[in-house]
Each structure stands twice: as structure tokens, then as C-alpha cells.
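Subject: Structure handover

Hello,

Here is the structure I promised to pass on to you. Please open it next to this email, and then read on for what turned up in it.

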Amino acid sequence: TPAHYVAATRGYGAEVEMAPTIAEAFFRADAYRAAGKAALHPFDDPLMMAGNGTLGLEVMEDAPEATDVFVSIGGGGLMAGVAAAVKGLRPQARVWGVETLGCHAMRLALDAGHPVEMNPTSIAKTLAAPWVSAGTLAAAQAWLEDVVVVPDSAAVAALVLLAERAKVLTEPAASCTLAAAEEVRGHLGKHVVLILCGGNAVLSDVTAWRERFGV
């Protein structure tokens, strides 16, 4: 977990308990739930998906002629909510899921036909779900045009472009949508929507990423 995430969470007065891996964190959450505590799953929760769906409603309100909508996938909760709303209001619109290589659990699940466990390695930490759920996989199978997987280097290049041209600082988990749109641009319609779902990168991260990938 990025240090500034932890510092900000503690700054709001929360107690932060660290786990060695994200998979272990999910197992601990199950134990908290069994002990009677409220455990809010980040993606495998119908109410969480429904809440994320309000973003899809906003997209359709602001861009009713959207032909293509790109949304990144971690565990798939954001994708499921957005896709349900977009396809429900505009069935002809295409929703594209996006993952970074090394955090491509949905691509693996679609190819296998069932959730597959993986060890996330991408720099897009907020996409680092070790697996997708049966529910989010079903949503992807029902509503997505495809899932595009892009390398970290492309996500960083897109991050730099968004910062320089649009004056929007994203994180790789969000800028990857631009990289994916560039990859399939020959198949897109006239009204493309990129959901930039996070801007939690700090400047030291951006500098390190640019040096690492030569962007």
C-alpha cells in the first residue's frame, strides 16, 4: 500500500492494520466479518456495485451520445456498476474494461471461464485484486465489449499526456484507460468516454515511473 494512502487514512483517525499480501488482507476481512464486524468488500458486494453504478448514470447524463466507455478493472466492482448503468440506458454503447499487465485478473478469468488467482505485480496498485469474483466475472461476460490489457509503460505515458495536455493528474490505474483507447482506436465511435477513476499518485511516484520506463 502506498505510504501516502496509509498516512492519509491514519490522519482521518482510522487504525490501519497491515498485511503482508493483498490476498492475506482479504482473508483477514473474512475473519472480521465472522467476528461480527462490518467488512465492506471493495468489489464483491452488490451494494458497492450499485453505488459505483451512479458514476455510470452521470456518464449517461453528461454524455448521452457516448459510443464507447472505458473503465478500469481491479476486482470488477466499479466496472460492474458502470457497465450496468451504461448498457441499461444506452444498450448500443460499448463498454471496454481495462487492466494493466500484472493486474489482469479479469482477463485471466474471462480466458479461463472462471475466477483465477494471481499475484499482482503491476505498479497500478489500486487494480491489484488477486482475483475477481463470480459476480463481477458474470458482469464482464454480459456487458463488456472486451478487456484490454496494457503494459505499465503505456499507462505511465498516458499519465504524462493527461497531465501535460489535460492538466489532470491521474494514477496508472486511471490513465490506463487512455492507453487502452489508443490501442483500439480504430474500432471506436465518435463519442469516447474515459473514466479517470483515481488521482492518488504523488510527484515522487510519477518521477520514479518516468525514469523506470523512459517516458
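Glu 145 lies in strand β3. With a relative accessibility of 44%, Glu 145 counts as partly exposed; on this scale buried is under 20% relative accessible area, exposed is over 50%, and partly exposed is in between, using a 1.4 Å probe and protein chains only. The C-alpha atoms of Glu 145 and Ala 180, which are 35 residues apart along the chain, are separated by 13 Å.

A word on the basis of all this. The model is predicted, so local features need pLDDT of at least 70 and side-chain atom pairs count only at pLDDT 80 or more, while totals for chains, interfaces and linings use all residues. Residues are numbered from 1 along each chain as its sequence is written, and side-chain values use heavy atoms, with hydrogens and water left out.

The sheet

Helices (H or I, at least four residues) and strands (E, at least two) are DSSP runs, numbered from the N terminus. Two strands pair if DSSP finds at least two bridges between them. On that basis there is an open sheet of four strands in the order β3-β2-β1-β4, with parallel pairing. Its edge strands are β3 (144–150) and β4 (192–194), each pairing on one side only. From one strand to the next, the twist averages 20 degrees. Helix α5 (residues 105–112) packs on this sheet and touches β2 (94–100) and β3, and its direction makes about 125 degrees with that of β3.

Two packed helices are described by the angle between their axes and the distance between the axes. Axes here are lines fitted to C-alpha atoms, for helices over the stretch in contact, and angles run from 0 to 180 degrees between N-to-C directions. Angles under 35 degrees count as roughly parallel, over 145 as roughly antiparallel, 65 to 115 as roughly perpendicular and the rest as oblique.

Helix α5 packs against helix α6 (residues 134–143) at an angle of about 75 degrees, with the axes 10 Å apart. The two are therefore roughly perpendicular to each other. Met 106, Ala 109 and Leu 110 of α5 make the contact with Thr 136, Leu 137, Ala 140 and Gln 141 of α6. These residues divide into five nonpolar, two polar and no charged; Ala, Val, Leu, Ile, Met, Phe, Trp, Tyr, Cys and Pro count as nonpolar, Asp, Glu, Lys and Arg as charged, and the others, Gly among them, as polar.

Ala 140, in helix α6, is buried, with a relative accessible area of 3%. Setting aside its neighbours within four places in sequence, Ala 140 is in contact with Met 79, Met 106 and Leu 110. Its C-alpha atom is separated by 9.9 Å from that of Ile 73, 67 residues apart along the chain.

The second pair is helix α7 (residues 152–166) with helix α8 (residues 172–183), packed at an angle of about 90 degrees with their axes 7 Å apart. Here too, α7 and α8 are therefore roughly perpendicular to each other. Ala 154, Ala 155, Ala 158, Leu 159, Leu 161 and Leu 162 in α7 meet Pro 172, Ser 175, Cys 176, Leu 178 and Ala 179 in α8. The residues of that contact divide into ten nonpolar, one polar and no charged.

The loop between α7 and α8 holds Lys 167. Its phi is near 60 degrees, a positive value in a residue other than glycine, and Lys 167 is exposed, with a relative accessible area of 66%.

Cysteines

How many disulfides are there? Counting a disulfide as a pair of cysteine sulfur atoms within 2.5 Å, the number comes to zero. For Cys 103, the closest cysteine sulfur is 9.7 Å away, in Cys 176, too far for a bond. For Cys 176, the closest is in Cys 197 at 6.8 Å, also too far for a bond. Cys 103 is buried at 1% relative accessible area, and Cys 176 is buried at 0%.

Best wishes

Definitions and conventions. Contact = heavy atoms within 4.5 Å.
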